[in-house]
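Please look over the sequence and the 3D structure first.

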Amino acid sequence: MSRIPLPFFVSDFSAFAKTLRTRLAAQETPVSHVTMLNLIANAGGYRNFQHLKAQQTTDSPGPKKASQPMQTHTTPRPKRITQTTRLFDTENRLIRWPKKDSIRCLCLWVIWSRIPAKTVLTEPEINTLLNQWHLFGDHALLRRELVDRNMAERTENGRQYRRREQRPPQEAVAVFEHLRRGGPGTPSQLS
């Protein structure tokens, strides 16, 4: 592995430390160098070290903030937007969990946009909301993904959840607009 210096910015050091601690505690064996790089990158909001490296070398000279979820491409891709909107029914509920990670992220942005801003929700409240917005019956998956991608945060005991305020990527905004204009359905709660 080459030693190219990569800047790494963490906007919320406490959240980064908690995520890293959790990931390290889940490891059963001593952590290798590559595994440690992946854990650090993942705690910073990237899928793995390769994703961090790719983002640093292709997107911008500056690092991504750790509080941002994994970003899809910066310029909207019409095919991906169409693929994503097809996953929503006429009431804009997510029909199934997509296989492609880039499509999953866009679907999560739609879910994220429906969570009330600056509101603390209990676990039953967030579960109720998530159940209203999907049809495949796995609110825990959605809740976990939102937290893992730094789109939402939860307390240590998992009893309270809150949406992380941030700017969605352009591609997610294009999905919102497509759904608003009457993609598969007419969303009533997209913000």
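A nonpolar core is a set of buried Ala, Val, Leu, Ile, Met, Phe, Trp, Tyr and Cys residues joined through side-chain atoms within 4.5 Å. The model described here is predicted. Its largest nonpolar core has 32 residues.

**The nonpolar core**

- The residues with the most contacts inside the largest core are Phe-88, Leu-94, Trp-109, Leu-130 and Leu-146.
- Helix 5 (101–114), helix 6 (123–132), helix 7 and helix 8 (170–180) each give this core at least two residues.
- Helix 5 provides the largest share of this core, nine residues.
- Leaving aside neighbours within four places in sequence, Leu-94 is in contact with Leu-87, Phe-88, Cys-107, Trp-133, His-134, Leu-135, Phe-136 and Leu-142.

- Three strands make an open sheet in the order 1-3-2, with antiparallel pairing.
- Strand 1 and strand 2 stand at the edges with a single partner strand each, so one side of each has no neighbour in the sheet.
- Two bridges pair strand 1 with strand 3 in the antiparallel sense, and the bridge partner of Leu-121 in strand 3 is Tyr-161.
- Strand 2 and strand 3 (residues 160–163) also run antiparallel, joined by three bridges.
- Across that pairing, Ala-152 stands opposite Arg-163, and Arg-154 stands opposite Tyr-161.
- Strand 2 and strand 3 form a hairpin with five residues between them, and Gly-158 in the turn has a positive phi of about 75°.
- In a regular strand the side chains alternate between the two faces of the sheet.

- Where is Leu-121 placed? Leu-121 is in strand 1 (residues 121–122).
- Why does Leu-121 count as buried? Its relative accessibility is 8%, and buried means under 20%.
- Not counting residues up to four places away in sequence, Leu-121 touches Ile-115, Pro-116, Ile-126, Leu-129, Arg-159, Gln-160 and Tyr-161.
- Leu-121 and Arg-163 are 42 residues apart along the chain, and their C-alpha atoms are separated by 9.1 Å.
- Ile-115 is in the loop between helix 5 and strand 1, and Ile-115 counts as buried because its relative accessibility is 3%.
- With residues up to four places away in sequence not counted, Ile-115 touches Leu-121, Ile-126, Trp-133, Leu-146 and Arg-163.
- The C-alpha atoms of Ile-115 and Arg-162 are separated by 8.2 Å, although these residues are 47 places apart along the chain.

**The largest pocket**

- The largest pocket holds about 510 Å³ of space.
- Its lining has 20 residues, and those closest to the centre are Ala-15, Lys-18, Thr-19, Val-147 and Arg-154.
- Helix 1 (13–26), helix 2 (33–43), helix 7 (139–148) and strand 2 (152–154) each supply at least two lining residues.
- Which element supplies the largest share of the lining of the largest pocket? The largest share is seven residues, and helix 1 supplies it.
- By type, the lining is made up of four nonpolar, seven polar and nine charged residues.

**Helix 2**

- The buried residues of helix 2 are Leu-39, Ala-41 and Ala-43.
- After helix 2 comes Gly-45, which has a positive phi, near 105°.

Methods
Residues numbered from 1 in each chain as written. Predicted model: local features only at pLDDT ≥ 70, side-chain atom pairs only at ≥ 80, totals over all residues. Heavy atoms only, no water. Helix = DSSP H or I, 4+ residues; strand = E, 2+ residues; numbered from the N terminus. Buried < 20%, exposed > 50% of the residue type's maximum accessible area, 1.4 Å probe, protein only. Contact = heavy atoms within 4.5 Å. 1 Å grid on protein atoms, 1.4 Å probe; cavity = no way out; pocket = protein on both sides within 12 Å on 5 of 7 lines; lining within 4 Å. Points joined across faces, edges and corners; volume = space filled by probe spheres on them. Nonpolar A, V, L, I, M, F, W, Y, C, P; charged D, E, K, R; others polar. Pairing = 2+ DSSP bridges.
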